[in-house]
Amino acid sequence: FSSSGVEYFNLADTNSNLKGFIGGFATDAHAYYAPFNNDDGRSGYAARVSLSDFSSSGVEYLNLADTNSNLKGFWGGFVTDAHAYYVPYNNGSPHGYAVRVS
């Protein structure tokens, strides 16, 4: 555990909407980032990064709000073997839209 072991990249270099996350979670294969807020206000852009390719080429993302415009503004999440879950928080006002992604 030292500064020489730090690796990083900017998710927003992959897509400019990939910023403003609150919370994250991981599986053996991926690190997940929970969408909350970006330059356009509340965000639905969920991202995950391959742990075997921790770089911009290992990034996958989807805009949950493309499915339903209320699906943005989450506060963390959790994962099972089959699904990622995002915890509802605030999409401009408090909301209860629970999301599951396979």
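**Close-up views of a predicted model**

**View 1. The E1–E2 pair.** Strand E1 (residues 21-26) runs antiparallel to strand E2 (residues 30-35), and 4 bridges join them. Strands (E, at least two residues) are DSSP runs, numbered from the N terminus. Two strands pair if DSSP finds at least two bridges between them. A hairpin of 3 residues links E1 to E2. Phe21 stands opposite Pro35 in E2.

This is a predicted model: local features need pLDDT of at least 70, side-chain atom pairs count only at pLDDT 80 or more, and totals for chains, interfaces and linings use all residues. Residues are numbered from 1 along each chain as its sequence is written, and side-chain values use heavy atoms, with hydrogens and water left out.

View 2. Gly73 sits in the loop between strand E6 (59-63) and strand E7 (74-79). Gly73 is buried, at 0% relative accessible area (buried: under 20%, 1.4 Å probe, protein chains only). Leaving out residues up to four places away in sequence, Gly73 touches residues including Pro35, Phe36, Arg42, Tyr89 and His95 (contact: heavy atoms within 4.5 Å). Ile22 lies 51 residues from Gly73 in sequence, yet 9.0 Å away in space, C-alpha to C-alpha.

**View 3. The lining of the largest pocket.** The lining holds 17 residues; Tyr32, Arg48, Ala84, Val101 and Ser102 lie nearest the centre. A pocket is an open set of points on a 1 Å grid over the protein atoms alone, where a 1.4 Å probe fits, with protein on both sides within 12 Å along at least five of seven lines; lining residues have an atom within 4 Å of a point. Strand E5 (45-50), E6 and strand E8 (84-88) each supply at least two lining residues.

How values were computed:
Buried < 20%, exposed > 50% of the residue type's maximum accessible area, 1.4 Å probe, protein only.
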